[in-house]
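My entries follow below the picture.

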Amino acid sequence: MEFLEKLVLPQSAHHIQLIHYLLIAIFFLFIPYIGTLLVSSIVSLVYWHKGKRSRNELYLDFAASVIRIPTLNKSIGFVLGILPILTITFMISQIMHGAGTYVLQLLFVSFIMGTIGVILLYTFRYSLDFQRLYTNIDEKVRDTEINSEIKEKSRHVVRLADKTGLWGIIFLSAALWLLFSATTLIVNPPMWQSSLFSLIFSWRVLLFVIQFLAVASSIMGAVMLFAYFYWEGGITNENEDLLSYIKTICLRITFGGSLLLPVFIAVTLLSVNSNYLSGSVFVFSLLSLIFLLLAYNLLYAVIKEKNTRYSGLVFFLILFTAFSVIIKDQAVMSNATEQQAVILDSQFQEYLAGLTGNRGTEEVSGKEIFDVRCSSCHKFDQKLVGPAYKDVLPKYEGKIDQLTGFVLNPVKKNPEYPPMPNPGLKPNEAKAVAGYIMETYKK
Ligand code: HEC
């Protein structure tokens, strides 16, 4: 991952802001798709085993129908499932540049595992299709030799489906788990130095995984309803029993997922450090609940009137719910990395100054800035409005960039003090005063 760190230059604040918007756009595509793929694989595998055990053709057909939608064609898995993880990795590497975390390693492993998972699940889908095909041919052909050959082939794809289905789900789940570990790490700066193990198995990650599963189940059911009953008038050349079974089960899954969702939206909000909650975090949490409420109403109508007319609307409402949840989480991420963004911006300004040969933007004096802008609230050895420097500076030993980041954009630190107002310094001024107080407090 070193190479990624080196590849990436510190970016301006505008650029970082842009990356946050792009991340939102990518998650809009990625989360609904990968959620649908994961949940339909699980449902498909469960019904596949159930169908094999009870020799129930309906279950087997259902298993094949469910996995068919997210693996509609060869490119969709790559474009919506694999490519986004790679792009997310590149974007996050810019946001977290120089923060010294293992976020990139996590994302890279997640990308590899996700790729393997998606390929295995495609293989699973095709083996189910072949098995259904062989069964159909077997019923129609009356020739013992051909029949036995078909049976042999069929057994082979059954074994293939068993293996690829299970391992596909395991790899994809592991990939997503690591992805959520990475995003959880980003929004918890105090964890940046903690061990990999304690991160991956922390309850915070678990909360986000469950929130994702709730979103994913709601979407998966809604996608199936949309694809089988709404899109281009719905699919009409399937047998009636199968269609009505798809409807019943997918409605249940959507309903179950969307009932869980509000609980986990609330719980994840509570788990976030209160410094990172902002107006937009609450607005989008609220929006997601409103969309959900509307979706419940329509779902109820679909169940009650046994009419799939509303399934298109249900699909869009659930999608908007997911979008709101994504924006909420991204808003938290952008708040949590604000200080990191300020550090990057100041490094960027320096880099720019270096490039234009304009290094000597006249020497600014740290002492002067301290006297004029800080001394009204701070002394070195005694608390005033703000804490004494000798009490707060030791923790910035060797972390001058973080101190500069704080001075550029103070965040709430100690509950015993009021928040420090933003002194409105330029990056080079903040750097100078940070250097000055760090040198002076030890004397
Ligand atoms: C209006 C009063 C005020 C001014 C002016 C002010 N500060 Fe502060 N400063 C505070 C307060 C209050 C806190 C405690 C904030 C907290 O703990 O949330 C603080 C905290 C700090 C801290 C400790 C941060 C930490 O991590 O605990 C540093 C370092 C600091 N200020 C540096 C500066 C510098 C450098 C300047 C001048 C550019 C400055 N302050 C100007 C009020 C001020």
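I first wrote down how angles are named: under 35 degrees they count as roughly parallel, over 145 as roughly antiparallel, 65 to 115 as roughly perpendicular, and the rest as oblique. I also noted that the model is predicted, that local features need pLDDT of at least 70 and side-chain atom pairs pLDDT 80 or more, and that totals for chains, interfaces and linings use all residues. Residues are numbered from 1 along each chain as its sequence is written.

Entry on H10 and H11. I looked up helix H10 (residues 279-305) and helix H11 (residues 311-336), and found that their axes come within 8 Å and cross at roughly 160 degrees. H10 and H11 are therefore roughly antiparallel to each other. By class, their contact has 19 nonpolar, six polar and one charged residues, where Ala, Val, Leu, Ile, Met, Phe, Trp, Tyr, Cys and Pro count as nonpolar, Asp, Glu, Lys and Arg as charged, and the others, Gly among them, as polar. Helices are DSSP runs (H or I, at least four residues), numbered from the N terminus, and axes are lines fitted to C-alpha atoms, for helices over the stretch in contact, with angles running from 0 to 180 degrees between N-to-C directions.

Entry on H9 and H10. I then turned to helix H9 (residues 240-271), which packs with H10 at an angle of about 160 degrees, the axes being 11 Å apart. That makes H9 roughly antiparallel to H10. I found Leu251, Phe255 and Leu261 among the H9 residues that meet H10, whose own contact residues include Leu289, Leu292 and Tyr296; contact here means C-beta atoms, placed from the backbone, within 7 Å. The contact of H9 with H10 has 13 nonpolar, four polar and no charged residues.

Entry on H3 and H5. I looked up helix H3 (residues 57-68) and helix H5 (residues 103-140), whose axes come within 9 Å and cross at roughly 140 degrees. H3 and H5 are therefore oblique to each other. By class, the contact of H3 with H5 has six nonpolar, no polar and five charged residues.

Entry on the ligand. Which residues come nearest to the ligand? Of the 23 residues around the ligand, I noted Cys374, Cys377, Gly386, Asn414 and Met420 as the nearest, a residue being near if its C-beta atom, placed from the backbone, lies within 6 Å. The shell divides into 16 nonpolar, four polar and three charged residues. Helix H13 (366-374), helix H15 (400-408) and helix H16 (427-440) each supply at least two residues of this shell.

Note on methods:
Two residues are in contact if their C-beta atoms, placed from the backbone, lie within 7 Å.
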